[in-house]
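The entries follow the order in which I looked things up.

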Amino acid sequence: MKACVLPARAPVESKPLVYSDVPLPEIKPDEVLVRVRYCGVCRTDLHVVEGELPVLKSPVIPGHQVIGIIEKNGSQARRFRAGTRVGIPWLHSTDGTCEYCRSGLENLCDAATFTGHTVDGGYAEYVAAPEAFVYRIPDGFGDLHAAPLLCAGIIGFRCLRVSGIAPEGTLGLYGFGAAAHVAIQVAKYWNVKVFAMTRDPTHQALALELGAAWAGDGESTPPEKMNAAIIFAPAGELVPVALRNLKKGGTVVLGGIHMSPIPAMSYDDLLYYERVIRSVANNTRKDGEDFLALAARIPIVTQVQRFPLERANEALNALKNDAIRGAAVLEVG
Ligand SMILES: [Zn+2]
Ligand SMILES: [Zn+2]
């Protein structure tokens, strides 16, 4: 099969992904083999490619927002018929037995594995995944537009959940890429007022088009104090900025897997009065199921920029340079 393989971590400007022929993935008894149609491009892929995350497999095929078709079931896989459309997310497997798995926090599993990081992912014509970690995709979504729901959508939804935002509340979104452009649609559906803070004028325009009450650059002060803020940009310097614009008791959620260092800041001015800073790590399968059902009900409309599989380096480069409006998606088959 054709795939974009990462032989060694390097800056995306040096085109580290190599489009090449590789063997088909072998499937374990509980796994399905999925023929990939589209694979969304996530900022986490950029962190994998550039080596900001620990190397768990090398060479590795990145990609964890797969929309495809069940090609083949493993000997014990019974959940889907061949030909069923499914989605494959970031969370590839958990042990099901650790204290986190047993308490509804499988996203924190001690032995979790991740698609396109611990195991090969979807920048390829075929990918293998345990049937229990694969989603059925609601009918209302076309394949192309469903791809960004698998991580940008689900992680954004978990960020919203843990932010404690309630109807009539005010929410700040820092960074307006793939995740924020979905999260704002959920927030609007919940009757939340949204402010978007992003340096890119195209992203500000998209935020306003999607219903933001106000948009400005990252350092700017929104017109009102906010109940919660989600930082999707991997920039630690935004943490004190977001806290400064937060109401008492408000929460700042950090939505990325990697962030530059957070500067020293004043406890008295920024954190006191029960303000909370928390991260989001991965997602549970329930987050995914709940989000996909909600996405179909709203319905979420994603904006995508399409690249052929062999131009994955170019897609990652555009993502790094804020040049994607909405989400980048690789067209595979
Ligand atoms: Zn576990
Ligand atoms: Zn992702």
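How many residues does helix α4 have, and what does it reach from its first C-alpha to its last? I worked on a predicted model, in which local features need pLDDT of at least 70, side-chain atom pairs count only at pLDDT 80 or more, and totals for chains, interfaces and linings use all residues. Residues are numbered from 1 along each chain as its sequence is written, chains are lettered from A and ligands numbered from 1 in the order in which they are written, and side-chain values use heavy atoms, with hydrogens and water left out.

Entry on α4. I found 12 residues in helix α4 (residues 152–163) and a reach of 16 Å, close to the 16 Å expected at 1.5 Å a residue; the expected span is 1.5 Å times one less than the number of residues. Helices (H or I, at least four residues) and strands (E, at least two) are DSSP runs, numbered from the N terminus. I noted 11 of the 12 residues of α4 as buried, that is, under 20% relative accessible area with a 1.4 Å probe and protein chains only; among them are Phe157, Arg158 and Leu160. Gly164 follows α4 with a positive phi, near 75°.

Entry on the zinc ion (ligand 1). I looked up its protein donors, which are Asp95 (OD), Cys98 (SG), Cys101 (SG) and Cys109 (SG), at 2.0 to 2.3 Å; donors are N, O and S atoms within 2.8 Å of the metal (3.2 Å for Na, K and Ca). The angles among the four donor atoms run from 96 to 117°, and the site is tetrahedral, for which all angles must lie between 85 and 135 degrees. Cys98 is buried at a relative accessible area of 9%, and Cys101 is buried at 16%.

Entry on the zinc ion (ligand 2). I recorded Cys42 (SG), His64 (NE2) and Cys151 (SG) as coordinating it at 2.0 to 2.2 Å. Cys42 lies in the loop between β3 (31–41) and α1 (43–50) and His64 in the loop between α1 and β4 (66–73), so this pair ties together parts 22 residues apart in sequence. Both Cys42 and His64 are buried.

Entry on the cores. In the largest nonpolar core, of 52 residues, I found that Leu171, Leu173, Phe176 and Phe291 touch the most other members; such a core is a set of buried Ala, Val, Leu, Ile, Met, Phe, Trp, Tyr and Cys residues joined through side-chain atoms within 4.5 Å. Helix α5 (residues 178–189) supplies the largest share of this core, eight residues.

Key. Tetrahedral: all angles 85-135°; square planar, octahedral: opposite > 155°, others 65-115°. Buried < 20%, exposed > 50% of the residue type's maximum accessible area, 1.4 Å probe, protein only.
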